[in-house]
Amino acid sequence: MIKIFFTIILVLSGVATQFLSAQTHPIIFATGQDRSSILEKIKHQQWASLSFNKIKATVDPYVNRHQADPKWIISKMSMYWKDGEHFTQCYLENLQWARGEGNAPVPTVRMPGMRVWNEYVNVPLADRISYNESGDMRAIRKTPSGDQIDLVPYKKSGHLIRQNNNEILTLAEKSAFIYWLSGDSRYAKFSADIFSTWLLGTYYMNPILDPGKSSGGPGGYAPGGTLGYYDYEQIHDDLQTHGAIIYDFLYDYLRDNEPKIIHVTGKSLREIAATVFRRFIDIGMVRGGKSGNWNINGWEMMMPSILVLDTDLSYADGHGRDYYLKYFTTTSTPYHNALPDILKDYDPVTGLWAESPGYALGTINSVLNMSLMIYKTGVNTIGENPMIQKAAMAIFPWLDARGNVVVFGDMRGGPGNFNSFERLLTYYYWRNDSLNASKVASALIKGISQGHYNRNATDIKGLCLNVPEIPESKDKIDYDRIAYSAAHRHLVLKNGDDIATGLMATLYGGFNKKQHLSPNGLAAQFYNDGWAMAPDASGYESYWTADYNYHQTATGSNTIIPGYSFGEIKINASEPYIDSLSFTNSKTVSDMVCFADVSAAEKRRVIALVRTSAKTGYYVDIFRSNQNSNDYLYHNLGDFFQIKDSLDFPLRLNAKPLNRVGEPGFAFFKNSKSAYYNGDFTACFKALSSEPTLSMDMHMKGEDGREIFATEAPYTTIIGAVTPNKINAAPGTTPMLLIRQNDKDGWQSPFVGVFEPYSKDPSIVKVSFPDSPPGMEIIKVDQLHASQYIIHSVDNLKKKTLSGNIDFQGCFGLVSLLDGHLDYLFLAKGKSLSFEGIEINAAEDISVCLTKTGKFLTYSSTGPFKLKIPTDRGFRTRIIQTVKVTQEEKEIQVPLIRSADRKSMSLTLPMGHKLMFRMM
């Protein structure tokens, strides 16, 4: 009797321990206490109502069908359905599925057939093969010439298998969320049937083995390599993510309505779920990557699985939620860095991750997603980490006027992700931190006002976490005139942030396929109407497809080849100036001009933005290449492309193949035509199918010995949002101009061009190229009532007299005339610039802009300088300084010195911003 009593006590205490150590659900995105507030958001906030209704509309047709035909959705899952082949162990060979063995009592979940991507997408769910025993997938090409459906063999199916199961599990995830909110058991039944099929089919499968170690490790549970539990890359092991969220929202229903299919195991669903999720975690903890985006993406795959586990006391080995969680929050391992080490990888100057934009900006979104999930457990990982906010804010310098992220490296572009600001706003809302809440609210307000972000299309995560209303904010986020990330060798120049009138260009160096960056040469992009009209091509399907040799090399960029394709770059000069301790600079000496002068190995390139009115402007490109063989490549969006000679007649071109030894990307150019031509010419590109029509005119200086090619390059992108009306997107082509200059040094005879973007009529009447001394280039641009002389020199040691009565000593200069009279003088990194007797002279290199407005002269400068003026332009002796911060005016006395011959007077002016003095 005593023995029986103690046995009962031990059993009851075991049950009590299990009950006390069990996790309460849900926990990942919300808790039971959040249900009413989420329902309130859906009821009273339009964005939440619209978002919820879209989620529901996606799920309802399947849930309704499931009531009468519960086998239909299950039949569409990718499983090993064939009797006798419910494999429990699969093997890889050369990153392809090789074979399976064993036979489980139920169908097991099918492994993807290969690691490598392919060019296909699945047909709609209704058209997929039911109870597909072969794994061959019906699919449509991503770049089709028609609507042909192909049957793709299992071993060549790319990600089709995983994407199919992901889609079905996502439906179950949405349905589980709706059930949790509504209590409608129809949604629970639909989700539970899918989840239990997936869970049990995963439970009976051992981790895949790779005897040849093609994945970098042997597979199974052994450490090392890239394999996940159910994918070739642990960072794509996301079946667990959907499974964990379903389990979390459906937990109470599954506890009370345990699916009969589970009974074959002799264990409870809770035990099986723990086993499966811990397998995903245990494998993930020793696979993937210790640092870089692989580390963060790997953690994001595992985090929902970690959070749905019970406490450590629930498991004999003590490996519960808290055990695994510490390896993210505090303790790095040989295979994965924890958050403290992750944050060290963000650049302290820019806040950017040192990879291409998709990763540089995407990783912080992942960190914030995980941080808010973990916060629900009582652990604050944002805390005193200002780098998290800095990294989130780093998106703005890399956004164009339309809110698309700049494209370079293997980034494909598209809209920026504003969810980071939603997560931060929620965190500050939870912490009652109104100061920081205002900062991130201003980011969301800007994104919404400019059409970059739409709250009406959020997901389950957003419905649970986003605050009901974005608070008003007095903080303002202005655009920056220049942004430079040394880690990416990438410059952004802007003049205006308006879609219709803003000017924007990028200039960047290359990497040797490092950190998802590419050996693209010293490349540039020019914008029109908020679009990258002179784009960097990024339309390749995957790293393994042949077109990678075009899209991810210098051939797909606007650059000169051969020669420099990757390596360090040097900023010789820029205005605004950007120092090593800054990511951006908005303070400039000129509202009209900005430029950057960059060297890389044997190449040197100057890109300038010149505004000619509030609505018009142009780009300048001066590109030197210290070699005798040069191909200048220029891609531009459009469906019309014409080259005209110096007399404005179309240049006669003849068919001729375009190739270059050692450049495999040239094989992708089609229908090439060329002409030998040494004169100045104009190339006009028009996107006629866009609304409005967008044009870019290139005015190019001629040189002896040049051959001009017009060719069709591959499509620019596979993302519709990157080009206007999807022009030059897959499967189309992109017009490209190539200027070949052989047997002539590209340093002494550089490529010099002016590019004018416009939507209606051009403002430029004529572009000419006056004779210039060696090492210097002069461009004269004429509009109807204005003209500009643009000057660049690689040698600023001596003052030189140029055409147009201009004296110059510096790196970059511009003389602007309005109706033949001085409008402004702009000097950058120079000592001297004069026009018709008005002289700027400085002892040291400075940047200065002197503008004539009515009876006033206004200037901004980065250092003191002497101004000389003819005496027939008498001036007062007082200079009025406008202090922008307080809008108060101060008067400072500046001595006026007349020359001995009394033909001129001079005054030494202090460094300042927008100082002005009145003419008599």
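**View A. Arginine 660 and aspartate 631 in a predicted model.** At 16% relative accessibility, arginine 660 counts as buried, where buried means under 20% relative accessible area, exposed over 50% and partly exposed in between, with a 1.4 Å probe and protein chains only. Aspartate 631, at 0% relative accessibility, is buried as well. Their side chains meet in a salt bridge of 2.8 Å, N to O, the term standing for a side-chain nitrogen of Lys or Arg within 4 Å of a carboxyl oxygen of Asp or Glu. The pair links distant parts of the chain, 29 residues apart, with arginine 660 in the loop between β21 (654-655) and β22 (670-676) and aspartate 631 in strand β19 (residues 629-635). Helices (H or I, at least four residues) and strands (E, at least two) are DSSP runs, numbered from the N terminus. The model is predicted, and local features need pLDDT of at least 70, side-chain atom pairs count only at pLDDT 80 or more, and totals for chains, interfaces and linings use all residues. Residues are numbered from 1 along each chain as its sequence is written, and side-chain values use heavy atoms, with hydrogens and water left out.

**View B. The salt bridge of arginine 278 and aspartate 317.** The side chains meet at 2.8 Å, N to O, and the partners, 39 residues apart, lie in helix α8 (residues 269-285) for arginine 278 and in the loop between α9 (292-307) and α10 (321-329) for aspartate 317. Arginine 278 is buried, with a relative accessible area of 18%, whereas aspartate 317 is partly exposed at 41%.

**View C. The salt bridge of glutamate 777 and lysine 701.** This contact between side chains is 2.8 Å, N to O, and it links glutamate 777 in strand β29 (residues 776-783) to lysine 701 in the loop between β24 (694-700) and β25 (706-714), 76 residues apart. Both glutamate 777 and lysine 701 are buried.

**View D. Strands β6 and β7, which run antiparallel.** Strand β6 (residues 137-141) is joined to β7 by 4 bridges, and two strands pair if DSSP finds at least two bridges between them. Isoleucine 140 stands opposite isoleucine 149 in β7.

**View E. Helix α15, residues 434-449.** Its 16 residues should span 22 Å at 1.5 Å a residue, and the end C-alpha atoms are 21 Å apart, which agrees.

Technical notes:
The expected span of a helix is 1.5 Å times one less than its number of residues.
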